[in-house]
Amino acid sequence: MDHEIKIGNSKAGHPIGLALKGAIGLLLLVVFVIVGKHCKVSFHLTLPGPVIGLALLAGILLAAERFHPFFHRQLSEHVGPVGRLLVAHMGLLFVPAGVGIITEGERLRHEWLPVVVAMAGSIFLSMLATGWLMQRFAPKQRKP
Amino acid sequence: MSVHSFLISALWTGITIACYLIGLGCKRISRNNALANPALITIVLVSVLLITTHTPYTTYFRATWVLTFLLGPATVALGIPLAKNFTHIRQSLLGVGVGLVAGSVVSMVSGALLVRLFHGSNELAVSLMPKAVTTPIAMSVAEEIGGVPALTATLAIVGGILTAITVKATLTFFRVEHEHAVGLAAGTAGSGIAASHVAAMGDGPAAFAAIGIGLNGLVTALLAPMLASWL
């Protein structure tokens, strides 16, 4: 246990190596975005490019975990930390797009009623649909 | 890129990051209250700054291209937790499959129909359809089906907050107490914001919330173009 922690610390102790791994990981993620966009165009898909990239990455990680543990470890070591950082601070990344709401003031003044009703209604119904069906069909391992 | 436009970029990107840090501070001070959402606080602060300095939105949007560019890799990175939690999906495949697709379709269809019922515009209906999924995916889906991405982004954040606040009480009231079901419902209806809220319940709900975010992103992106052309 002690030994394991030591290894973990010595690895994390190289800031340059860590930054390099992060840079390579980011580059790999960008490659997945580009491949996703290419797939979208060449197969005439209606899925957004990054979503295709998401599915590809998940698929490759799962396949590698099964058939090629070394490649899986390498891929997750490079993509994992930078990926977690990006996901944790995703809120910052969509601010520029979200600020676009200031150009939509007119619409919100006119259509606030359908916005409020549709938001409340659809959230309530979808929450209930997912929760109830999952409870109905999930294995009963934990029943409070 | 000229020196001038580089400075403008650095200035607005820096201001956005500073506002985000203020947002993170608010979240910490309020002890992770869902209402103190860092992204929403940042959007409000930056909007106020743009309006008071009479800066056109297009200038700001062009200046902060770095942040927007990183959204793509961040979306791809959502595949990592999805792959990690795959064993959970396999163990309760039927529940996850049925619950997720139903929640996704119900969210899109009821959202669009309610907008129509209350005489909202077609643009509003398609902008509201993908609002349950994680914001970057919601925005690109909205673009795909003729909605307004900025509107979708704001609705997605507000929807996530609404889900985070109400999910436990609502589901308990309707006797849905299975922890995995609560997690999956939170992730499906309210994406990351609601997920981080139920993550406090434990590892099980957190894993199923992560599954809900990733899979609902995929399902919504697949089904939204079809449903949008029907409704």
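Author: Before we start, a definition: the bend at a residue is the angle between axes fitted to the seven residues ending there and the seven starting there. Also, this is a predicted model.

Reader: OK. Where does H10(B) bend, and by about how many degrees?

Author: H10(B) bends at B:Thr166, by about 50 degrees.

Reader: What should the 25 residues of that helix span, and how far apart are its end C-alpha atoms?

Author: Helix H10 of chain B covers residues 149–173. At 1.5 Å a residue it should span 36 Å, and its end C-alpha atoms are 34 Å apart, which agrees.

Reader: How many residues of H10(B) are buried?

Author: 18 of the 25 residues in H10(B) are buried, so the helix is mostly covered.

Reader: Switching to the two chains. How many residues are in contact?

Author: On chain B 94 residues are in contact with 64 residues of chain A. The chain B side has 61 nonpolar, 30 polar and 3 charged residues.

Reader: How do H8 of chain A and H11 of chain B cross?

Author: Their axes come within 8 Å and cross at roughly 145 degrees. H8(A) is residues 112–137, and H11(B) is residues 179–198.

Reader: Left-handed or right-handed?

Author: The crossing of H8(A) and H11(B) is right-handed.

Reader: Which residues meet there?

Author: From H8(A), they include A:Ile123, A:Met127 and A:Met134; from H11(B), they include B:His180, B:Leu184 and B:Thr188. By class, this contact has 8 nonpolar, 6 polar and no charged residues.

How values were computed
Residues are numbered from 1 along each chain as its sequence is written. Chains are lettered from A and ligands numbered from 1 in the order in which they are written. This is a predicted model: local features need pLDDT of at least 70, side-chain atom pairs count only at pLDDT 80 or more; totals for chains, interfaces and linings use all residues. Two residues are in contact if their C-beta atoms, placed from the backbone, lie within 7 Å. Ala, Val, Leu, Ile, Met, Phe, Trp, Tyr, Cys and Pro count as nonpolar, Asp, Glu, Lys and Arg as charged, and the others, Gly among them, as polar. Axes are lines fitted to C-alpha atoms, for helices over the stretch in contact, and angles run from 0 to 180 degrees between N-to-C directions. Helices (H or I, at least four residues) and strands (E, at least two) are DSSP runs, numbered from the N terminus. A crossing is left-handed if the near helix is turned anticlockwise from the far one by less than a right angle, and right-handed if clockwise. The expected span of a helix is 1.5 Å times one less than its number of residues. A residue is buried if 20 or more other C-beta atoms lie within 10 Å of its own, exposed if 12 or fewer, and partly exposed in between; C-beta atoms are placed from the backbone.
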